[in-house]
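Trainee: I've got a model open and would like to talk through its packing. Could we go over it together?

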Amino acid sequence: MAAVKRVTPWAAQNADGAIALGLAIVVGVLGIMPDDIFGAKGDEIQNQLVSAATLVILALVATALLRDRARQAPVEETITSGALAELPVRLTRLEEIETLVTGTRKALDSLQLVRVLGSKQEIAQSHAEARRDTTRWSFKGGTGTYLRAVTLPECVAAARRDKRHLTVRIEIIDPSNLEVCETYAHYRRSLADSPDATGETWTTDRVRKESYATILTAFWHRQRYGLLDIGVGLSSTMTTFRWDLSSSRLIMTVEDPNMAMTALADTFYYENCDTELRLSFEQARGVPLEMYKRVPLGDEPTIEEVQDLFERIGVPLPKSYNGRDVVDVARKALRAVDPYGEPLPAVQPRDGT
C-alpha cells in the first residue's frame with residue numbers, strides 16, 4: 001500500500017506516459033508468448049494486438065510531446081523576452097566590474113611594492129640588488145659620498161666586466177654656491193654633531209670638498225671606461241632626501257642610516273620619481289663632462305692636474321685652497337670612505353687641538 005501511495009501521484013501527473021509504459025509492457029509480453037495460446041488463429045490475433053497497442057503507444061507519445069511543448073512555450077517566451085534581452089546589458093556591467101577589479105589589483109600591487117627598509121643591512125642589500133646588472137643609475141642628493149665610495153666604482157666595474165654600456169646621472173650641491181653649502185652643513189650638524197663613519201664632522205668646507213670630489217671622480221671614471229655615459233648637474237638648492245634609481249628599483253634614503261624606502265621598477269612611485277629626477281637634472285647647472293679628453297688625469301691625479309681640470313670646466317677651486325686642500329679633494333674622489341661602514345677615528349683639526 002505504501003508503494004501504491006508513492007506511485008499514484010506520479011501516475012496522475014504523467015497519465016499518458018504511464019499508460020504508454022503499461023502498453024509497452026503488454027506488447028512485450030504478447031510478443032514473447034507462444035502463438036498457440038490464442039487458438040488456431042493465434043498468430044493473426046497476436047499480430048493484431050501488437051499492432052493496435054503500438055499505435056496507441058505512438059499516439060500517447062505524440063500527446064506527451066505536444067503537451068511538453070505547450071508547457072515550454074511560455075517559459076521560452078519569458079526567457080527570450082526577459083533574461084536574454086537583458087543579457088547584453090549584464091555583460092557590459094560584468095566587463096566594467098572586471099576592468100575595475102583589474103585596476104584595483106594593479107593599484108594594490110603597486111602599493112605593496114613600496115617597502116620601508118628598517119636597518120643598515122636591508123638598505124645595503126637593496127643597494128646591492130639595485131646595482132646588479134643595471135645599465136643606468138640616477139642620483140640626486142647632497143654631495144654623493146656613498147656614490148663615490150661604493151655605487152659608481154662597483155657599477156663601472158660590473159659594466160666593464162660585462163663589456164656593456166652604463167648611463168649615470170648625478171645631481172649634487174653646487175660647491176661654488178657658498179650659501180647652499182652652509183645650509184647643508186648646518187642641516188647635517190643639527191642632526192648629529194658627532195663625526196660620522198668617515199671620521200669627519202660636517203662643515204661648509206667639507207661640503208664643498210665632497211662636491212668637488214664627486215665632480216673629479218666622474219671625470220676620472222669617464223676617462224677610463226669608454227662605454228660610460230656620465231653627467232653631473234650642480235644644484236643651487238639642497239634636499240633632505242637622497243634618490244638612487246637603477247634599472248630595477250628606486251631607493252630613497254634620509255639621514256637616518258636605518259631608514260629608507262624602496263620601490264620596484266614599473267610601479268607608480270618608481271615611474272614618477274624617475275620623471276622627477278630627469279626634470280630636476282635638466283634644471284641643474286651642467287658640468288661639461290664632454291671635455292674629459294682635454295684634461296687628462298693620471299691614476300693618481302697631481303695637484304696641477306686637479307686644479308687645471310676645475311679651471312677648464314668653469315668650476316674653479318677656491319683661491320684659499322692650498323696643495324693640501326687639493327690633495328684632500330683627490331683623496332675623497334678616489335679613496336672615498338663608505339659613510340655607512342664601520343666608523344673611523346675622528347679627523348683632528350690641522351692645528352692639532
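What follows is a set of questions and answers on this model.

Mentor: Ground rules: this is a predicted model, where local features need pLDDT of at least 70, side-chain atom pairs count only at pLDDT 80 or more, and totals for chains, interfaces and linings use all residues. Residues are numbered from 1 along each chain as its sequence is written, and side-chain values use heavy atoms, with hydrogens and water left out.

Trainee: How many helices and strands does the secondary structure of the protein chain come to?

Mentor: Elements here are DSSP runs numbered from the N terminus, with helices being H or I of at least four residues and strands being E of at least two. On that basis, the secondary structure of the chain comes to 11 helices and eight strands.

Trainee: How are helix 6 and helix 8 oriented to each other, parallel or perpendicular?

Mentor: Axes are lines fitted to C-alpha atoms, for helices over the stretch in contact, and angles run from 0 to 180 degrees between N-to-C directions. Helix 6 (residues 145–162) and helix 8 (residues 204–224) pack at about 10°, with axes 10 Å apart. Angles under 35 degrees count as roughly parallel, over 145 as roughly antiparallel, 65 to 115 as roughly perpendicular and the rest as oblique. So helix 6 and helix 8 are roughly parallel.

Trainee: What is the make-up of the contact of helix 6 with helix 8 by class?

Mentor: Contact means heavy atoms within 4.5 Å. Among the residues that meet are Leu 152, Pro 153 and Val 156 in helix 6 and Thr 217 and His 221 in helix 8. For classes, Ala, Val, Leu, Ile, Met, Phe, Trp, Tyr, Cys and Pro count as nonpolar, Asp, Glu, Lys and Arg as charged, and the others, Gly among them, as polar. The contact of helix 6 with helix 8 has four nonpolar, four polar and four charged residues.

Trainee: Is His 221 buried or exposed?

Mentor: His 221 is found in helix 8. Not counting residues up to four places away in sequence, His 221 touches Leu 152, Pro 153, Val 156 and Leu 228. Buried means under 20% relative accessible area, exposed over 50% and partly exposed in between (1.4 Å probe, protein chains only). At 10% relative accessibility, His 221 therefore counts as buried.

Trainee: How do helix 8 and helix 10 lie, parallel or perpendicular?

Mentor: Helix 8 and helix 10 (residues 303–312) pack at about 95°, their axes 11 Å apart. Tyr 212, Ile 215, Leu 216 and Phe 219 of helix 8 make the contact with Val 306, Leu 309 and Phe 310 of helix 10. By class, that contact divides into seven nonpolar, no polar and no charged residues. The angle is why helix 8 and helix 10 count as roughly perpendicular.

Trainee: Which residues does Ser 119 contact, leaving aside its neighbours within four places in sequence?

Mentor: Ser 119 is in the loop between strand 1 (114–117) and helix 5. Ser 119 and Ala 260 are 141 residues apart in sequence and 8.3 Å apart in space, C-alpha to C-alpha. With those sequence neighbours left aside, Ser 119 is in contact with Pro 257 and Asn 258.

Trainee: Is Lys 163 buried or exposed?

Mentor: Lys 163 is found in the loop between helix 6 and strand 3 (166–173). Phi of Lys 163 is near 55°, a positive value in a residue other than glycine. With a relative accessible area of 67%, Lys 163 is exposed.
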